[in-house]
Amino acid sequence: MARLIIVSNRVAVPAEGKDAVSAGGLAVAVKEAFSSYEGLWFGWSGNIVEDPDPEPTLIDRGSIQYAVMDLSPQDHKEYYAGFANRALWPIMHYRIGLGAYSRSDYSGYQRVNQAFARALAKLVEPDDLIWVHDYHLMPLASELRGQGIANPIGYFHHIPWPAADVFNTLPASSELLRAMADYDLIGLQTEPDVQNLSRNFIDTMRAIPLGGGSLMVDGRRTRIRAFPIGIDVAGFKEAADKAGSNKVVRETMAGLRTRKLLIGVDRLDYSKGVPERMEAVDRFFASNPDQRGNVVYIQITPKSRSEVPEYEQLSREVNEKVGDINGTLGEPAWTPIQYVTKAYPRPVLAGLYRAARVGLVTPMRDGMNLVAKEYVVAQSEEDPGVLVLSKFAGAARQLPEALLVNPYDRFEVAEAIRQALYMPRTERLERWKPMMERMAREDVDWWARNFMTELEAFRTVERQPPRTAAAAE
């Protein structure tokens with residue numbers, strides 16, 4: 001059986017005897033990709049130590065082998081908290097004003113990618129396929145080529161790719177683009193992302209279009225295609241069907257009594273639009289006073305990246321907004337917003353999604369947003385709820401039957417909430433059925449299979465040499 005190497009910033013090594021899928025997120029996608037291959041998953045262990053070993057720790061878990069590396073405090077500060085999350089992340093999400101670039105952070109980003117490449121190169125066998133994930137590792141293929149690795153290497157970018165004028169505000173943008181030309185296949189979430197990156201290569205790197213999504217960049221062929229990521233539809237639907245027996249779900253339903261539920265589930269991040277969504281809910285109650293006491297909004301927002309100053313500031317802002325709205329509108333027997341910062345497992349989320357008449361997924365910008373897909377899949381076939389979805393989420397292209405809104409307009413979002421709550425069952429079913437059919441057809445297995453089919457094709461292509469310094473000039 002052919003071997004697949006998956007590389008990601010963080011590797012979720014399951015406890016012995018546990019399934020990797022229990023970690024959720026990328027682990028679900030990795031499990032699907034590994035179903036047809038022997039597998040090696042390489043990346044950061046999550047540990048920060050003073051003197052990390054330059055060689056990875058190897059861990060066997062059945063058909064998947066894990067190779068993990070620790071980071072030093074300086075590496076974590078510069079590579080992860082610094083360049084990846086204070087420079088790349090805001091730029092990719094069109095938040096230029098929040099970008100914080102420093103040469104030392106970029107040096108740390110390059111240093112970690114170089115260290116990963118040196119360690120990984122020793123594990124690569126001639127027939128391996130390599131699939132790299134996300135913005136932390138954009139230069140990895142270039143570093144691997146420098147180590148003499150000629151294997152097919154694919155890259156999947158889970159977040160948005162911005163317009164060239166936005167990406168090029170990053171001081172290191174040209175160098176990163178040049179490094180990405182060493183990937184054989186680059187996958188993005190949507191066609192606009194593909195257009196943005198392709199145009200950037202053409203305008204900035206003088207790439208030559210070859211047709212079919214392929215470009216000649218600095219003497220190498222690179223193919224760029226959209227592969228919208230899906231979810232484990234069967235597993236999530238089963239979790240929703242069984243969620244009625246879950247204690248948290250039962251207690252939540254008992255507390256709601258006859259009230260209708262609005263739900264939002266997001267990691268704490270300025271790209272998710274949580275404060276703006278709360279303002280829209282406040283606007284809804286101001287415009288519909290008869291709904292006070294009859295509707296409850298639950299916002300589940302686990303904290304993340306607390307070491308990044310912008311996220312601490314966001315946490316304070318959200319808490320203040322919750323306090324202001326509840327203090328102004330709340331009554332002894334009714335709290336309009338229930339704000340929860342703990343993470344819940346899939347069975348609980350699936351049950352809460354099904355219980356919610358309205359799913360609020362209103363990011364300011366998102367590569368895809370799997371919560372939108374989870375909400376749709378969790379719904380009852382007899383009496384589904386309504387998805388209110390930002391038109392700036394990648395998922396909007398696969399879920400056009402949702403109520404699509406501009407998240408920057410709280411009046412528009414408030415009106416969509418009202419429309420969703422009053423929507424008759426016949427219209428809810430008409431909107432939900434085509435979305436559910438599409439989600440079942442375009443699930444996570446479909447996504448992984450399509451990407452790997454494309455990457456496999458590069459086995460039959462004559463191996464391309466690494467870019468030469470002359471070609472890059």
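**Note on cavities, a helix pair and selected residues**

1. Helix H15 gives the most to the lining of the second largest cavity, contributing four residues. The model discussed here is a predicted one. Strand S15 (386-390) and helix H15 (425-441) are the elements that supply two or more residues to this lining. The cavity has a volume of about 50 Å³, and the structure holds four cavities of 30 Å³ or more.

2. Which residues line the second largest cavity? They are Gly385, Val386, Leu387, Glu401, Ala402, Arg428, Arg431, Trp432 and Met435. By class, this lining divides into five nonpolar, one polar and three charged residues.

3. Ala402, one of the lining residues of that cavity, sits in the loop between S15 and strand S16 (403-405). Ala402 counts as buried because its relative accessibility is 6%, the cut-off for buried being under 20%. Leaving aside residues up to four places away in sequence, Ala402 touches Leu387, Leu389, Arg431 and Met435. Of these contacts, Leu387, Arg431 and Met435 are also named in the cavity lining.

4. How do helix H10 and helix H11 lie relative to each other, and at what angle do their axes cross? The axes of H10 (residues 274-287) and H11 (residues 309-329) come within 9 Å and cross at roughly 10 degrees. H10 and H11 are therefore roughly parallel to each other, since angles under 35 degrees count as such.

5. On the H10 side, the contact with H11 is made by Val274, Pro275, Met278, Glu279, Asp282 and Phe285. On the H11 side, the residues are Leu314, Glu317, Val318, Lys321, Val322, Ile325 and Leu329. By class, the contact of H10 with H11 has nine nonpolar and four charged residues, and no polar ones.

6. Val7 belongs to strand S1 (residues 3-10). Is Val7 buried or exposed? Val7 is buried, because its relative accessible area is 0%. Apart from residues up to four places away in sequence, Val7 touches Phe42, Leu120, Ile130, Trp131, Val132, His133, Leu137 and Leu140. Val7 and Val30 are 23 residues apart in sequence, and their C-alpha atoms are 9.9 Å apart in space.

7. Ser198 is placed in helix H7 (residues 191-205). With a relative accessibility of 14%, Ser198 counts as buried. Its contacts, not counting residues up to four places away in sequence, are Leu215 and Ile224.

8. Asp218 is not a glycine, yet has a positive phi of about 55 degrees. Asp218 is found in the loop between strand S9 (214-217) and strand S10 (220-226). The relative accessible area of Asp218 is 15%, so this residue is buried.

9. Arg257 likewise has a positive phi of about 55 degrees without being a glycine. The loop between helix H9 (247-256) and strand S11 (260-265) holds Arg257. Arg257 is exposed, because its relative accessible area is 59%, and the cut-off for exposed is over 50%.

10. Ala150 lies in the loop between helix H4 (140-146) and strand S6 (153-156). At 30% relative accessibility, Ala150 counts as partly exposed, a class that runs between the buried and exposed cut-offs. Ala150 and Pro126 are 24 residues apart along the chain, and their C-alpha atoms are separated by 8.3 Å.

Terms used:
Residues are numbered from 1 along each chain as its sequence is written. This is a predicted model: local features need pLDDT of at least 70, side-chain atom pairs count only at pLDDT 80 or more; totals for chains, interfaces and linings use all residues. Side-chain values use heavy atoms; hydrogens and water are left out. On a 1 Å grid over the protein atoms alone, a cavity is a set of points where a 1.4 Å probe fits but cannot get out, and a pocket is an open set with protein on both sides within 12 Å along at least five of seven lines; lining residues have an atom within 4 Å of a point. Grid points are joined across faces, edges and corners, and a volume is the space filled by probe spheres set on the points. Ala, Val, Leu, Ile, Met, Phe, Trp, Tyr, Cys and Pro count as nonpolar, Asp, Glu, Lys and Arg as charged, and the others, Gly among them, as polar. Buried means under 20% relative accessible area, exposed over 50%, partly exposed in between (1.4 Å probe, protein chains only). Contact means heavy atoms within 4.5 Å. Axes are lines fitted to C-alpha atoms, for helices over the stretch in contact, and angles run from 0 to 180 degrees between N-to-C directions. Angles under 35 degrees count as roughly parallel, over 145 as roughly antiparallel, 65 to 115 as roughly perpendicular and the rest as oblique.
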